[in-house]
Amino acid sequence: MLEIYAGESARKTIEQNGFSADLFTSFLGASGGPKWFTLFGLDKYLFGEFFNGRTAPLNIVGSSAGAFRSACFAQKDPVAATKRFAKHYSETTYSEKPDASEITQSVIDILDDLFGETGIDEIINNDIFRAHFLVAKCQGLVASEHKVKQIAGLSKSFVNNALDRKRLTKQYQRYVFSQASSDLQLVDEDGFTTINKALNHNNIKQALIASGAIPLVMKGIKDIPECEPGMYRDGGIIDYHFDFAIQNQGLTLYPHFSSTLKAGWFDKNLKRKVRSKHYDNTVVICPSAKYVATLPYQKISDRSDFVEMETQQRLNYWQDILAASEYLAEDFDQFVEQQALNKIKPMQALLG
């Protein structure tokens, strides 16, 4: 059901010490919207059992849907928060032709449900499970809410990125909103300016909404409190599946919904690969092609389901995906229990 890949240094560490939660000091959650549903069962297992009772800090870094997951994991009852998030998100419906305002309001409603009554305080004050939300601050035409200007700015981004990802640094800055005691340090060879901001009651909602604010689909978030004035959008623009190094002494665990890794949003249709050295200390766990073939329509859920399926068809399908995700949790539990280290494949087999 699951495929497990580890970078060279990560493999050596695991061979010497076995596979345990204590090896990991960081956790990654990618962008991808409803693609996350296939990781639902695994997320509940990881933060309900695998990492349960942890006393050493774990930096949980996410963009877009990954940031929302991070907000779940940093709460006192991460499983309950994850269930609230999955239920509200998977049951979302829109009018026949929803505009950006309607979709943005829907995300705000999901967020309010995810937080519950005490979630904000729990996330801000959690010194063990440290949430980090990645957000892209936009400059130039991509900062405009005027659709034609925004499209022009995004078109420029596509061209710039195709020529060299580093050219995007003129249009975007990375903001990392994190729990105040975070010691996370990112090393980015593409040169994006990275600005760190502590999460607090004034900025946490807007930062999280911004992290999932898909261009042209949602409204951007303007002037997040205690940040430089400007327009903030989906963290996946820069950090879709991640291509940076995390500076710490431990390993990084990265449950991903597919075996494909793309640095940023504009790389989705390019052959460009992420840097393998950035995954030297990382363990990636993802559903196998064999597992995906067992799912309805032989695919995992994604945003296209909103337009390609009738509403009830989509709702039923998404519930099937959530239910099937429990098999991945069971498979990972068996792997850990049996210490089946021979199942771990070299990261190079994933990254090519």
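Residues are numbered from 1 along each chain as its sequence is written, and side-chain values use heavy atoms, with hydrogens and water left out. Because the model is predicted, local features need pLDDT of at least 70 and side-chain atom pairs count only at pLDDT 80 or more, whereas totals for chains, interfaces and linings use all residues.

A residue is called buried under 20% relative accessible area, exposed over 50%, and partly exposed in between (1.4 Å probe, protein chains only). The areas themselves come from the Shrake-Rupley method with a 1.4 Å probe, and for residues only the protein chains shown count as cover. Helices (H or I, at least four residues) and strands (E, at least two) are DSSP runs, numbered from the N terminus.

Helix 3 is mostly covered, with nine of its nine residues buried. These residues are A65, G66, A67, F68, R69, S70, A71, C72 and F73. The loop between helix 3 (65-73) and helix 4 (78-90) holds A74. A74 counts as buried because its relative accessibility is 0%. Contact is defined as heavy atoms within 4.5 Å. When neighbours within four places in sequence are left aside, A74 is in contact with E122, I123, N126, F129 and A131. A separation of 16 Å lies between the C-alpha atoms of A74 and L42, which are 32 residues apart along the chain.

Helix 8 (residues 204-211) is largely enclosed by the rest of the structure, because six of its eight residues are buried. The buried members are I204, A207, L208, I209, A210 and S211. With a relative accessibility of 0%, S26 counts as buried. Not counting residues up to four places away in sequence, S26 touches L58, N59, I246, N248, L251, T252 and L253.

Salt bridges were examined next. Side chains of opposite charge can pair when their charged atoms come close. A salt bridge is here a side-chain nitrogen of Lys or Arg within 4 Å of a carboxyl oxygen of Asp or Glu. The count by this rule comes to 20 salt bridges. One of the pairs is formed by the side chains of D43 and R69, with an N to O distance of 2.8 Å. D43 belongs to helix 2 (residues 40-50) and R69 to helix 3, so this pair ties together parts that are 26 residues apart in sequence. Both D43 and R69 are buried.

A further salt bridge joins the side chains of R130 and D183 (3.6 Å, N to O). R130 lies in strand 4 (residues 129-138), while D183 lies in the loop between strand 5 (172-178) and strand 6 (186-187); the pair therefore ties together parts that are 53 residues apart in sequence. R130 is buried, with a relative accessible area of 7%. The side chains of K299 and D302 also meet in a salt bridge, at 3.4 Å from N to O. In this pair, K299 is partly exposed, at 22% relative accessible area, whereas D302 is buried, at 17%.

L216 is not a glycine, yet it has a positive phi of about 70°. L216 is placed in the loop between helix 8 and strand 8 (221-222) and is partly exposed, with a relative accessible area of 38%. D223, likewise not a glycine, has a positive phi of about 55°. The loop between strand 8 and strand 9 (231-234) contains D223, and this residue is partly exposed at 37% relative accessible area.

The final feature concerns surface charge. Lys and Arg count as positive and Asp and Glu as negative, while His and the chain ends are not counted. The place of a charge is taken as NZ of Lys, CZ of Arg, CG of Asp or CD of Glu. Patches are made of residues with over 30% relative accessible area and no salt bridge, like charges being joined within 9 Å and nonpolar side chains (Val, Leu, Ile, Met, Phe, Trp, Tyr) within 5 Å. On the surface, E49, E330, D333 and E337 gather in a patch of negative charge. Helix 11 (residues 311-338) supplies the largest share of this patch, three residues. E337 lies in helix 11 and counts as exposed, at 66% relative accessibility.
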